[in-house]
Amino acid sequence: MLEVSNISEGDRKMDKEQTASMEDYLEAVAMLHEGRKAVRVKQISQALGVKMPSVTAALKKLSDEGLVEHERYGYVELTAEGNKAAQDVFHRHEVLRHFLTDVLNIDPELARKDACKMEHSISSVSLQRLAKFMEFVEACPQSEPSWLKNYSYYLEHGQLPEECPGRVLKEEG
């Protein structure tokens, strides 16, 4: 189940005008660090599909902001503040990905890519509302809700199902 974050707009480190690119670096370091003891520049470069000098420049900026620790030719580690920022980015990504795949029935790979783009611009208010919606849907499933079945039908057939009250209004208009 998705956890609803109570991070306010002002609490986010990203409000220091962290760019989408810098958020991606933080998220990549966090993801690469899972299950490993150390992360290297080359691994980040490969994960993000960028050249190593670009990674080094980004790490310098993140280091200057106190979000990562990195010595030249050494390992990369998130600081406590960097880890918090990376987890915030990851949380936004997962809420969006989950909504896109489970509610809107979008292909998982496309949903992953779209969530990666959307995670950088969604407000905390919208994210919290979306996360609460997903939490509600998961906690009160009672099989597949009729509105979700009707939506799937609409996607598949291109027309509103018979049982949709709004269909009559649309056809009359």
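Guide: A residue is buried under 20% relative accessible area, exposed over 50% and partly exposed in between, using a 1.4 Å probe and protein chains only. The model is predicted, so local features need pLDDT of at least 70 and side-chain atom pairs count only at pLDDT 80 or more, while totals for chains, interfaces and linings use all residues. Residues are numbered from 1 along each chain as its sequence is written, and side-chain values use heavy atoms, with hydrogens and water left out.

Visitor: Buried or exposed: which is Asn105?

Guide: Asn105 is found in the loop between H4 and H5. Its phi is near 60°, a positive value in a residue other than glycine. With a relative accessible area of 55%, Asn105 counts as exposed.

Visitor: And Tyr73, buried or exposed?

Guide: Tyr73 is found in the loop between S1 and S2. Although Tyr73 is not a glycine, it has a positive phi of about 65°. Its relative accessibility is 69%, so Tyr73 counts as exposed.

Visitor: In what order do the elements of the chain run?

Guide: Helices (H or I, at least four residues) and strands (E, at least two) are DSSP runs, numbered from the N terminus. The chain has eight helices and two strands. From the N terminus on, the order is α-α-α-β-β-α-α-α-α-α.

Visitor: What is the mean pLDDT of the chain?

Guide: pLDDT is the predictor's confidence in each residue, from 0 to 100. In this chain, 84% of the residues reach 70 or more, and the mean pLDDT is 84.

Visitor: How is Ala30 placed, and which residues does it contact, leaving aside neighbours within four places in sequence?

Guide: Ala30 is found in helix H1, and its relative accessibility of 9% means that it counts as buried. Leaving aside its neighbours within four places, Ala30 contacts Leu78, Ala86 and Gln87.

Visitor: Which residues of helix H2 are buried?

Guide: An α-helix has 3.6 residues a turn, so residues three or four places apart point the same way. In H2 (residues 41-48), the buried residues are Val41, Ile44 and Ser45.

Visitor: Within what arc do the buried residues of H2 fall?

Guide: The arc is that of the directions from the helix axis to the C-beta atoms. The buried residues line one face of the helix, because seen down the axis of H2 they fall within an arc of 100°.

Visitor: Which residues on the other side of H2 are exposed?

Guide: The buried residues of H2 are covered by elements including helix H1 (20-33), helix H3 (52-64), strand S1 (68-70) and strand S2 (76-78). On the other side of H2, the exposed residues are Lys42 and Gln46.

Visitor: What is the volume of the largest pocket?

Guide: On a 1 Å grid over the protein atoms alone, a pocket is an open set of points where a 1.4 Å probe fits, with protein on both sides within 12 Å along at least five of seven lines; lining residues have an atom within 4 Å of a point. Grid points are joined across faces, edges and corners, and a volume is the space filled by probe spheres set on the points. For the largest pocket, this is about 290 Å³.

Visitor: Which element gives the largest share of the lining of the largest pocket?

Guide: H1, H2, helix H4 (80-102) and helix H5 (108-118) each give two or more residues to that lining. The largest share, four residues, comes from H1.

Terms used. Contact = heavy atoms within 4.5 Å.
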